[in-house]
Amino acid sequence: MSIAPHAPAAPSVLSALRSPRLLTREVLAGVVTALALIPEAISFSVVAGVDPAVGLFSSVVIAVVISIVGGRPAMISAAAGSVALVIAPLVRDHGVAYLVPAVVLGGVFQVVLGFLGVARLMRFIPRSVNVAFVNALAILIFTAQLPNLLGPDVPFVVWPLTALGVGIIIGFPFLTRAVPAPLIAVVVVTTITIVFGVVVPTVGDEGALPTALPGFGGITVPLSLETLQIVAPYAFGVAIVGLIETLLTAQLVDSLTETRSSAWRESWGQGIANIASAFFGGTGGCAMIGQTVINVKTAGARTRVSTFAAGASVLVLTIVLHDLVAQIPMAALTAVMLMVCVATFDWHSVRPRTLGRMPLGETAVMVITVVVVVATDNLATGVIVGVVVAALVFARRAAHVVSVVREPVDEHTVRYRVRGALFFASSNDLVTRFSYAEDPQRVVIDMSDAHVFDASTVAALDGIEQRYARHGSTVEVVNLNTGSVALHGRLTGRLD
């Protein structure tokens, strides 16, 4: 469902503060969302290769900051799987010390891109690339869980515990949706391991959990060209992947709430949130589709209060319950992440019936994007390659919709009617569509149903005139529309 340009804005914070009923709803929505956010924040920390505290504090800072500077009220931003996947190779290959400068630079990129109007470029990302991005994200999150299931030191009991967690997440919503099913799964699996003394890998084994508020840190690696060369590619990945997922999620919330958001503000706001997160030792992040749906659709939130409440609740729950959180089995979090994969993957896109209806070019774009992402372990690279391939597919398809029809007028004149969009891909073939040797002295090219888009087409028309001139014929180009006349005249004047 699309949102009309005159769609109303979301309710303001002031309206929530003036209404006790609305304020209560927003705060409770934030608390419920926080309960669903904690397991995933811990899981994404493991994916990124950092302590659970890093992902938790990152979620706190990003949610609180974005609730103030963001452009989409009620959307939840926190430490996200897509960003964790981008920075995981950096932490693995160069150490956690490079995390802060990478996330800071990524945030700077987002601020710059936001002010440059990158949000407008979202219209140029085809649906096939969007679908491939989501599917590749699900695949990468799934592969990141395999060490928790297939590692050499993983006890067999992890498998039934993980299966139990998956079963609870699937079945509990049939009883009630008042409490997030992932939270119930974590509680049940953790209780079983504690009560029965089952020895399995836990969150505490992954690193120390926080017992106090985070301190303001800084960059500890040398600020040198070498450091920039190391972190820049990962920072760019953080920026691009974060913006893509954030803006796609914002569009979803706009549709769910029938309100409008500011994509421009959300873009640079994410950058500010990531910079703040980095200086508090966070991993960086972006909008989270699952938690946002819980906040907006399940809990009914509509204002920034819910986003702030979610971040504050994560902080309180983490510090107060850190000893209990440390005992959560990794099997429970693996179950949560496996279901995140299932929920993230667009299963409709791979159904035989869907694939049979889709144009072959779009299917190829989707497959190539997924393959590149999985092969490079980089979502940004896959999206860029996907957009380039999609553009080539479109150019090839558009090139074949141009038609040139020859109509003899009299013995001295022939008219050619050109139809279609003329740009570099279609105009290169245009020169070959005329009968230079057979045509009479006067040739009229009727452009009533055509539009000139670029210099390649102007050059092609000049080439046609020159070839006819060598055969002693004159060419008259008629009925160019206003835009085509302006472009043709300007470029012809420069070429002359």
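In which sense do strand S4 (residues 413-422) and strand S5 (residues 442-452) pair, and over how many bridges? In this predicted model, the two strands run parallel to each other and are joined over nine bridges. Within this pairing, Arg415 stands opposite Val444 in S5, and Leu422 has Val452 as its bridge partner in S5.

Both strands belong to an open sheet of four strands, arranged in the order S3-S4-S5-S6 and mixed in its pairing. The edge positions are taken by strand S3 (403-410) and strand S6 (474-478), each of which has a single partner strand, so that one side of each is left without a neighbour in the sheet. Averaged over the sheet, and with direction ignored, neighbouring strands are turned by 20° against each other. Helix H20 (residues 455-470) packs on the sheet, where it touches S4, S5 and S6, and its direction makes about 170° with that of S5.

The antiparallel contribution to the sheet comes from S3 and S4, which pair over seven bridges and are connected by a hairpin through two residues; in this pair, Asp410 stands opposite Thr413 in S4. S5 and S6, in turn, run parallel and are joined by five bridges, with Val443 placed opposite Val475 in S6.

The largest nonpolar core of the model holds 85 residues, of which Ile42, Ile141, Ile244, Val314, Ile328, Leu333 and Leu379 touch the most other members. Helix H15 (residues 330-344) gives the most to this core, contributing 11 residues. The surroundings of Ile141 illustrate the packing: when its neighbours within four places in sequence are left aside, Ile141 is in contact with Phe44, Leu85, Met337, Val340 and Cys341. In soluble globular proteins, nonpolar side chains tend to be buried together.

Ala74, with a phi of about 75°, is located in the loop between helix H3 (52-69) and strand S1 (77-78). Because its relative accessibility is 1%, Ala74 counts as buried, the cut-off for that class being under 20% relative accessible area. Asn479 has a phi of about 60° and lies in the loop between S6 and helix H21 (482-495); with a relative accessible area of 46%, Asn479 is partly exposed.

With regard to confidence, the protein averages a pLDDT of 84, and 92% of the residues score at least 70. Confidence is highest in helix H7 (residues 158-171), at a mean of 93, and lowest in helix H1 (residues 13-18), at 66. Over residues 1-5 the pLDDT is below 50, and this stretch has six contacts in the model beyond near neighbours in sequence. Where pLDDT is low, the predicted coordinates should not be read in detail.

Terms used: Residues numbered from 1 in each chain as written. Predicted model: local features only at pLDDT ≥ 70, side-chain atom pairs only at ≥ 80, totals over all residues. Heavy atoms only, no water. Core = buried A, V, L, I, M, F, W, Y, C linked by side-chain atoms within 4.5 Å. Buried < 20%, exposed > 50% of the residue type's maximum accessible area, 1.4 Å probe, protein only. Contact = heavy atoms within 4.5 Å. Pairing = 2+ DSSP bridges. Axes fitted to C-alpha atoms, helices over the stretch in contact; angles between N-to-C directions. pLDDT = per-residue confidence, 0-100.
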